[in-house]
Amino acid sequence: MDKNKFGGSWTELKIEVLETYAKQFLTVFKNQPAQKLLYFDGFAGSGDIEVENIKEENSHIIEGAAIKILKIDKPRSFDMYYFVEKKKSLANSLEKKIKEHFPKKDAYVQAKDCNEKLIALAKFLRSDKGKSFKVLGFIDPKGMQLEWSSLEVLRGLPIDLWVLNPTSGTNRVLVRKGEIDESWLKRLELFLGMNRVDIKNHFYSRRPTLFGDLDIIKENDPINKLHELYASRIAGNIFKYVSNPKILRNNSGAPLFHFFMATNSEIALRIANSVVNPKLGF
Ligand SMILES: C[S@@+](CC[C@H](N)C(=O)[O-])C[C@H]1O[C@@H](n2cnc3c(N)ncnc32)[C@H](O)[C@@H]1O
């Protein structure tokens, strides 16, 4: 059966953060059975993940986020689940697991592009039927597949959206002297919602050389800079707030992703921050 293959312990940490938040989200609404709750997963995978452990040269299978979320029944469950997974074989695999293990849940699997389905989600939430829903969303791409315009359509909607920002992968595209490939420049523009001139000005500076011409130098700390830019352009613009990020690292401690939540609710923000950094308390 088809399954996703990637990982390390950061995968487990990411799912743990999402699951912990989901339980708290459901707790907030436990005494409001009339409040309809929707779970939207834009990069759902197959339902299980083969986690590769390079150091120990072994791998093991863990449950993907979709199954973890479907399993939550207490303090209540979601009223509807919407899973998007572009790869047909993975989507079929997830659908099969849902039919077998969660036959009573109102769950849908779509083998489509997440960007397309975020637009459909926004339209639904603005419709008469959709107005009664609050949403927990999860955007879990490997790279820069989430387009800025798909985030923009969510402006003002009642969604708590966990987003995996692929900061390390994006940094690799920002090559040292700024000579970024045309195809990557296009991808960066779609991902960041900025034009190439502004992107280059943000991550590179020009310094005069001894011989009077200009050298292009990449700015320091680009990985954190990438997240600061992304989060600051969402907060107060598309969503009111963004949480602190959980930095997901590889086995050697190098940052791979910044995982954070965007929301319009102050209470949701406080809960997300307490999940990202339990020491801050709530
Ligand atoms: C990191 S994996 C998701 C893992 C999943 N969240 C889990 O916990 O098992 C990313 C998935 O997104 C899918 N994908 C890639 N581009 C996509 C797109 N534009 N829209 C929807 N799914 C996409 C890939 O096939 C892959 O299965």
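## Overall architecture

The chain has ten helices and 13 strands, where helices (H or I, at least four residues) and strands (E, at least two) are DSSP runs numbered from the N terminus. With a radius of gyration of 20 Å, close to the 19 Å that the globule rule gives for 282 residues, the chain is as compact as a globular protein of that length; the radius is taken over C-alpha atoms, and the rule is 2.2 Å times the number of residues to the power 0.38. The model is predicted: local features need pLDDT of at least 70 and side-chain atom pairs count only at pLDDT 80 or more, while totals for chains, interfaces and linings use all residues. Residues are numbered from 1 along each chain as its sequence is written.

Along the principal axes, the C-alpha atoms fill a box of roughly 70 × 45 × 40 Å. Of the 282 residues, 35% count as buried (20 or more other C-beta atoms within 10 Å of the residue's own; exposed means 12 or fewer, and partly exposed lies in between, with C-beta atoms placed from the backbone). Among contacts between residues at least 6 apart in sequence, 69% join residues at least 24 apart, a contact being two C-beta atoms, placed from the backbone, within 7 Å.

## Packing of α1 and α10

The axes of helix α1 (residues 9-28) and helix α10 (residues 266-276) come within 10 Å and cross at roughly 145°. Val 17, Thr 20, Tyr 21 and Gln 24 of α1 meet Ile 271, Ala 272, Val 275 and Val 276 of α10. This contact has six nonpolar, two polar and no charged residues (Ala, Val, Leu, Ile, Met, Phe, Trp, Tyr, Cys and Pro count as nonpolar, Asp, Glu, Lys and Arg as charged, and the others, Gly among them, as polar).

## Ligand surroundings

Around the ligand there are 20 residues, of which Phe 43, Gly 45, Gly 64, Ala 65 and Cys 114 come nearest; the criterion is a C-beta atom, placed from the backbone, within 6 Å. This shell divides into nine nonpolar, five polar and six charged residues.

## Loop features

Asn 251 lies in the loop between β12 (246-249) and β13 (255-263) and counts as exposed, with 12 C-beta neighbours inside 10 Å. Its C-alpha atom is separated by 8.4 Å from that of Trp 10, 241 residues apart along the chain.

A cis peptide bond with omega of about 5° joins Lys 74 and Pro 75, and Pro 75 lies in the loop between α2 (65-71) and β5 (80-84). Asp 221, in the loop between β10 (214-218) and α9 (222-234), has a positive phi near 55° although the residue is other than glycine. Asp 221 counts as exposed, with 9 C-beta neighbours inside 10 Å.

Technical notes:
Axes fitted to C-alpha atoms, helices over the stretch in contact; angles between N-to-C directions.
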